[in-house]
Amino acid sequence: MGRRLTFDIFRYHPSTAGTEPRMQTFHLRETPGMNIYAALTRIREEQDPSLMFDFVCRMALCGSCGMLINGRPRLACKTFTGRLPDRITLYPLPVFRLVGDLSVDTGGWFRHVTLKTGAWLHTSRAFESSAPEERMDNETALQIYEAERCIECGCCLAACAKVHIQPGFIGAAGINRLARFMLDPRDERSAAQYFEVLGSEDGIFGCMGLMGCEDNCPKDLPLQLQLAYVRRRMAAAGFGPRGNRRK
Amino acid sequence: MSAGRTHITDVLVLGAGLAGERTAIEAAARGLEVVILSLVPPRRSHSTVAQGGLQAALGNSVMSQGDSPDLHFADTVMGADWGCDQHVVRLFVNTAPAAVRQMARWGVPWSRITAGERRLPDLTVVEEPEAAAGLINAKKFGGTTKWRTCYAADGTGHALQYALDGMVLSLGITVHDRTEAVALIRDGEKCLGAVARCLRTGELRAYLAKAVVIATGGCGRLYGLSTNSVINEGTGLSLALDTGLACLGNMEAVQFHPQTLPPTWIPVSEGGGYLLDRNLDYFMPHYQPENNKQPYRDVTARLMQERIRAGLGVESPHGPHLWLDVRHLGAEHIARQLRSLAAFCRDFAGIDPARELIPVRSVQHYVMGGVRTNIDGAAYGLKGLFAVGEAACWDLHGFNRLGGNSLAETIVAGMAVGKKAAEFALGEALHYSSALVAQHLAAQEDRVRRLIAGQNGGENVYALKKQMGQILTEHTGIFRTGSGLKTAVAALGELHQRAQRVGLVSSGRGADPELGAAMRLPGMVRLALCIACGALARTESRGTHYREDYPNRDDVNWLNRTLAYWPPGAEKPVLKYEPVRITELTPGKRATPA
Ligand SMILES: Cc1cc2nc3c(=O)[nH]c(=O)nc-3n(C[C@H](O)[C@H](O)[C@H](O)COP(=O)(O)OP(=O)(O)OC[C@H]3O[C@@H](n4cnc5c(N)ncnc54)[C@H](O)[C@@H]3O)c2cc1C
Ligand code: SF4
Ligand code: SF4
Ligand code: FES
C-alpha cells in the first residue's frame, strides 16, 4: 500500500461572504503515478467538493495549474507526489488575484499585459488569399517558436522578487513575449516603438537579474537569454536606462 | 444569489478555442459587436494542447510534391469511410491552404523548408531544392497520400491559439472568461442568447444576441479514459440538445487514439516507432502484410485492442498496455525531432524513450459527432443558432477524422461559419421579450435553488459521473456489440434518472465547483445515451464505429447520418436519419494509403 500523504491546503473563497482564509488538512493514500492533479481531484470528489483549483490539459501545456507546492511555484499536473515528502503544503500563486482556494486569475494578468504591451503581430500588410506565403528562414521560425513556448502559467512571476514590490512590472514572461515579436521579421514595429513599452521600470529596466524566473520556469524557457537579447537590442538602438524618458 | 446583468451584443460565441476565436474574428471584421464566453482564459482552451499539426495541401516539400486539394479531398472522404458530406469536404480542402497562409500573416511561426538534405523519421534522407527554401514545411500523418501536415515545431495548437487570441485582443472583442453557458435562450423557433453562470462568483447572467455560435469543443470527458482536457464535458452539445429543436449528428462516431501514455493518457505519436506486445513481438506486420506503417487510427486502435484481448498485453496497475519502441531512432533524433514525446515520457512516466520502452494503450480522443449544421454552420431546427469546430457535426469527418484535419477545420470552418453568422446577424433585428429572458433566468435559478436546498435527492454527482465514464468505456469503446450496447443503454437510462436526484455535499454557494458539476451531469448523461443508442441502432461497421456482430460496412442501409433529438421530458433520444451528400467520390474500398 502507498504512503499516507498529508495535504495542508490554503482555503478561502473571497467572493463568498462570511468566509475567512484558513488552512485545511486532508489525508490521502498514495497510488502509483500520482501527481498533484490526481490528488486534488480525489480530495474534491471524495472529501470536500467545494475545493477550488484549476486544471485543463493535465499535460503541462495549458498553464492553468500553477501553485505553490511546498513553497515553490510549480505546475501541479507535472508534479508527482513520489518526489515529495509525505507532508505537502499547497498555496495559490502569489502576485495574482485570488479566485478561490488554489485558483488564481493568471489569465486576467496576462491579458492585461498583452494589451498593455501590444503583444501581437503588428503589420500593415493586407492578406491576399491567392498569393503564396512569404518566405521565412526556418532558423528564425524556430527562434520565434522558442520564445513563444511560454504557457503563461505565472510561475516565473511568482518567483520574481521585483513583481512583488512593483505591481506594474511585466516580468520575465512579459518581456519574453515582446522579445518574440522583436525577433519576428514580419512585425513592423521600430526599436523606438518597442522602447515605449519596454524602456521603463515596468519593462526591461525593472529587472534586477536575480534569476528567480528562469529557475522556476516549468517549460525551461531561456529567460535570461531573452532578457539579455532585449537589453542588447535596446542598447544597440541607443536606448538605455539613462535615456529613459521617465516622467 | 441575484439575477445578474443582461448583456446585449450582435454575435455571441460560446467557446474561445480555435474555432470560437476564428469565428469571432470573422464576425468582428464585418463591424459587428462580438462577445465570447469561455470556461477558461482563451489561451488555456483545449486547442492549445494539439501539438501535431494541421492538414493543408500546400505541396511545398519534396514529400508533398504533386499534392492538391483534390488529393486532400479523396483522403478525407476515404478516411471518413464515406460518412461525410462531400460538398463540405470540397469547401474545406479548397480553403485550407489560404487559411494556413493567413495564420502566417497573423504571426504563427510555421516550420519552414530548409534547402538541402532532410532526414525523415524512418531515417531515409531526401533533398529539398533551393526553390522551396523558406516555404511552409509539411510532415507525414496517418491516412494521407502526400505529406500535408503543416506544423509549428511541436506546438501547432499553441502557436495558432496565441496568434488568434492576439487578433481577438487587437480587435477589441469582448471575452468573458470563467463564464459557463448553462442554457440557450430561445422562443419556439429562434435562438436569442444564453444564460451563463459566472465561475468566479456563481452569479447568473443573460446574454442576448442576434446570432449565437456554439464553439464549445468536444465531449471526450464523458468517457472515463480520454486524452481530452478535463473541461471537455460537452456542455455546448447538451445545451443544443436540450432545446428539443436542434439535433446532434453521428454521436456514435467516437475516435480512439491508438497510443496514449498511462495513467495520464497523453497521446504519444509514434514518429517511426514500433508497437510491441508483451513478448516484444512486432505484431503490426502480421495484420498488415504490406508495408503500411501508419494505417488509419481506427484500424491501429482495433489491432492493438485485439492483441490485448488475446492476452498479449502487459499487466500494470493502470490496466493492460502494449509497448511503443522508438529506441532504434537514437538518442539524438529523439531529443531533436521527438522533443515533446521525450518530455511527456520523462515528465509523466519517468521514462527515457531512448533507452526504455514506452507503455501505450488506446483511449477516447475525438468526437466526430456534434451539433448538426448545414454547410453554413447553421444548426438544424433553430434559427440564429450556429455551431463550429469539434462541437459541430458540419460533417467533414464522417466516421473517422484524419489526424490534422481537426485543427484545419477549426480555422477553415471559423472563417466560413463566422461569415455566415455575421451575414445572418446583419440581416436581423434583435427582438426579444424581457418576460422570455426572465423566464429562462428563473428556470436556471430554480435549478440552482433546488440543488442547494437538497430538494432533488441525495445522489453523489462524482459517483454518478464515474459510473457513466465506466459504462461508456466498457460498452461503447473500440469494439461494440449489440448485447453490450443494450446493457449500456439500460444502465445509462437508469443513471439519467439518478442524475435528476443529485444532492450537494458542499454548500453550493458562490462559484462552488460541485454545483457546476451537478448542473452539467444530466445533460452529459443524455449525450452518453445519444452515443449508446446511436451505436446500438447502427447495425454495420464504419470507420471508428465497429460492431463485432456486424463487421462490414453496409452502404445499402447505412450510408446515412444519425440525427439525435431529445424531446422535452423524454427518457431517450429520438433517432432520425438523413443521407450523406455524395458529390464527387462514390463509395468504394477504403484503402489504407502507404
Ligand atoms: C491531446 C490532443 C492532441 C490533438 N492534436 C491534434 C493535432 O495535432 N491536429 C489536429 O488537427 N487535431 C488535434 N487534436 C484535436 C483538436 O485539438 C481539437 O479537436 C480542436 O482543438 C477543437 O477545437 P475547438 O475550438 O472546437 O474546441 P476547444 O479548443 O475544445 O475549445 C472549446 C472552448 O469552449 C469553451 N467552453 C466549453 N463549454 C463551454 C460553456 N458551456 N460555456 C462557455 N464556454 C465553454 C472552453 O472554455 C473552450 O474555450 C488533438 C486533440 C487532443 C486531445
Ligand atoms: S531576473 Fe529576477 S527580477 Fe528579472 S524578471 Fe527574472 S526573477 Fe524578475
Ligand atoms: S516564462 Fe515559463 S514560468 Fe513564466 S509564464 Fe511562461 S512558461 Fe510560465
Ligand atoms: S493542467 Fe495544463 S499545465 Fe497543468
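# Reading a predicted two-chain model

Guide: Let's begin with one pair of side chains: K210(B) and D10(B) meet in a salt bridge, with N and O 3.4 Å apart. Keep in mind that this model is predicted.

Visitor: Why does the pair of K210(B) and D10(B) tie together parts of chain B?

Guide: The general idea is that side chains of opposite charge can pair when their charged atoms come close. Here K210(B) lies in strand β10 (residues 204-214) and D10(B) in strand β1 (residues 3-14), so the pair ties together parts that are 200 residues apart in sequence.

Visitor: How many salt bridges are there over all chains?

Guide: The count over all chains comes to 66 salt bridges. Between chain B and chain A the count is 8. An example is R101(B) with E133(A), whose closest N and O atoms are 2.7 Å apart.

Visitor: Which elements of chain B give two or more residues to the side that touches chain A?

Guide: They are α3 (86-105), α4 (156-170), β13 (266-267), α9 (339-349), α12 (461-475) and α14 (513-537) of chain B. The largest share comes from α4(B), with 6 residues. Sorted by class, this side of chain B has 36 nonpolar, 21 polar and 16 charged residues.

Visitor: And how do I read the interface as a whole? How much area do chain B and chain A bury between them?

Guide: The size of an interface is often given as the accessible area lost when the parts come together. For chain B and chain A that is about 5,600 Å², with 54% of it on carbon and sulfur atoms. The contact takes 73 residues from chain B and 67 residues from chain A.

Visitor: Let's turn to the ligands. Which residues come nearest to ligand 1?

Guide: Of the 36 residues around ligand 1, the nearest are S45(B), S47(B), E390(B), S406(B) and L407(B). Look at the backbone too: a backbone N or O atom of L407(B) lies 2.7 Å from an oxygen atom of ligand 1, and one of A16(B) lies 3.0 Å from an oxygen atom of the ligand. A polar backbone atom of G53(B) is 2.9 Å from a nitrogen atom of ligand 1. Taken alone, ligand 1 exposes 1,000 Å², and the protein buries 97% of that.

Visitor: Which element gives the most residues to the shell around ligand 1?

Guide: That is α10(B), with 4 residues. By class, the shell holds 13 nonpolar, 20 polar and 3 charged residues.

Conventions:
Residues numbered from 1 in each chain as written. Chains lettered and ligands numbered in written order. Predicted model: local features only at pLDDT ≥ 70, side-chain atom pairs only at ≥ 80, totals over all residues. Heavy atoms only, no water. Contact = heavy atoms within 4.5 Å. Buried area = accessible area lost by both parts, 1.4 Å probe. Salt bridge = Lys/Arg side-chain N within 4 Å of Asp/Glu carboxyl O. Nonpolar A, V, L, I, M, F, W, Y, C, P; charged D, E, K, R; others polar. Near = heavy atom within 4 Å. Polar contact = N/O pair within 3.5 Å; in protein donor to acceptor, adjacent residues only side chain to side chain. Areas by Shrake-Rupley, 256 points an atom, 1.4 Å probe, with all protein chains shown as cover.
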